[in-house]
Amino acid sequence: MIQKTLDNLFEEFLTKESIFTCKGALQAKYQPKNLLHREELVKELASILAPTLRDELPSNIFIYGKTGTGKTSVIRWIADQLSSKAGSIDVRLKIIYVNIKLDRVADTEYRLFAYLGEQLGATIPTTGLPTSHVFDVFKREVDAKDSTIIVILDEVDRLISKTGDEVLYNLTRMTGDLKHSKVCIIGITNDLKFLDTLDPRVRSSLSEEEILFPPYNALQLRDILARRAEIAFKSGVVDQAVVRKCAARAAREHGDARKALDLLRVAGEIAERAGDTKVVEKHLDIAEDRIDFDRVLETVKSQPRQSKAVLFSIMRLNGEEVTTGDVYDTYRHMCMNSGLSVLTQRRVSDLISELDMLGIVSAKKKSLGRYGRTRFISLHLPSVVHGNIHEVLSSEFGM
Ligand SMILES: Nc1ncnc2c1ncn2[C@@H]1O[C@H](COP(=O)(O)OP(=O)(O)O)[C@@H](O)[C@H]1O
Ligand SMILES: [Mg+2]
């Protein structure tokens, strides 16, 4: 019975024509051939790096800007151009790109040095050597290349949060210890406050040049989206008006091209599943809700257990005038029932503030006249996710 239904569903899917021609063009990892509205930044970066073509060492560069502002795409594009230029004039240049988060090298300096060493052709065991030794192996490998080496550390903030900034200090000052090669470091982050967290010595050597990628405005997003929609969809599926709306929605928070592309992709998937031949505004509405839904659910799931317990307590109270004391009572009972250690009320109050900052609960101070001020806490979740979150939490705490 089920077998037959599935067969039908697959058959139907195969006979239906897709509205996409290349859905991959809407995915974040797609490398566009043309980068729009970044001419100035491309020129600026290229002129900082151009000295490598004359065997000179360029400044280290620190690139920062919010997510989806084109940092990764721009630097990768320049790196490709620069490599092929160097190749064509026989200049010894090697560029290593590593994304600290995606390439999973964040946890230890060891893994980073081993990864970089491997990119240069060294074989390094994945564990077992002292870290300083791995760094030496990497340094030796670099020097043996007798080249200029540009190391791009994308999402570099992830590295420092685990290992401390010593590693950046070592990398940015490496050239001093080398006889034949030179090393230039490019650090990239979405975290606008990252530089402030570094030791001043590290900060000054990493940010010899600092480049800010500002958010896109709605018009720029529209152009980026329009170009990608042309590649991704059959012609006639997405009208200019829909592209414009999609860009305007993505520009509402900050001009994030990744978000704009996600929105269009999810809207396309929804249209296709509904059997519609055009993507229209209704699909954007549903897509936006779905993306919010996923984001909230992910945020809740990734909270530490204690925060989840606090959230679940607020959820179970679910009242208008709930105070920290009320939450704490419920929380304490829950901990005792589920074997979780009980934190102090002070700590729980901090966790409530964190949930408030994440936008999951709302904690508003109200004046009670001569009785002073108190915080009233309520859930601040889109109602569509309530059920799912309740399910996640109740299975976690067995209630
Ligand atoms: N100027 C641009 N032109 C075309 N596509 C862009 C541009 N900027 C960003 N994108 C696209 O938006 C998405 C996110 O860009 P990305 O470079 O990953 O941003 P960041 O690294 O700043 O978070 C990618 O799919 C990228 O192709
Ligand atoms: Mg990036």
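In the predicted model, arginine 265 and glutamate 269 form a salt bridge, with N and O 3.5 Å apart (a side-chain nitrogen of Lys or Arg within 4 Å of a carboxyl oxygen of Asp or Glu). Both residues belong to helix 11 (residues 257–273), where they are four residues apart, about one turn of the helix. Helices (H or I, at least four residues) and strands (E, at least two) are DSSP runs, numbered from the N terminus. Arginine 265 is buried at 16% relative accessibility, and glutamate 269 is buried at 19%; buried means under 20% relative accessible area, exposed over 50%, and partly exposed in between (1.4 Å probe, protein chains only). Residues are numbered from 1 along each chain as its sequence is written, while chains are lettered from A and ligands numbered from 1 in the order in which they are written. Local features need pLDDT of at least 70, side-chain atom pairs count only at pLDDT 80 or more, and totals for chains, interfaces and linings use all residues, with side-chain values taken over heavy atoms and hydrogens and water left out.

In helix 15 (residues 345–357), arginine 346 and aspartate 350 are also four residues apart, and their side chains meet in a salt bridge of 3.2 Å, N to O. Arginine 346 is exposed, with a relative accessibility of 59%, whereas aspartate 350 is partly exposed at 26%. In total, the structure contains 23 salt bridges. One of them joins glutamate 155 to lysine 101, with the closest N and O atoms 3.9 Å apart. Glutamate 155 lies in the loop between strand 3 (148–154) and helix 6 (157–163) and lysine 101 in the loop between strand 2 (93–99) and helix 4 (109–119), so this pair ties together parts that are 54 residues apart in sequence. Glutamate 155 is buried at 15% relative accessible area; lysine 101, at 38%, is partly exposed. A network of salt bridges links Lys245, Arg249, Arg252, Glu281, Asp285 and Glu288.

The model has an open sheet of five strands in the order 2-3-4-1-5, with parallel pairing (two strands pair if DSSP finds at least two bridges between them). Strand 2 and strand 5 are at the edges with a single partner strand each, so one side of each has no neighbour in the sheet. From one strand to the next, the twist averages 15 degrees; axes are lines fitted to C-alpha atoms, for helices over the stretch in contact, and angles run from 0 to 180 degrees between N-to-C directions. Strand 3 and strand 4 run parallel and are joined by six bridges. Helix 4 packs on the sheet through strand 2 and strand 3, and its direction makes about 140 degrees with that of strand 2.

In helix 2 (residues 39–49), Leu41, Val42, Leu45, Ile48 and Leu49 are buried. These buried residues fall within an arc of 130 degrees seen down the axis, so they line one face of helix 2; the arc is that of the directions from the helix axis to the C-beta atoms. Glu40 and Lys43, on the other side of helix 2, are exposed. The cover over the buried residues includes strand 1 (61–64), helix 3 (71–88), strand 3, strand 4 (182–189) and strand 5 (209–212), where contact means heavy atoms within 4.5 Å.
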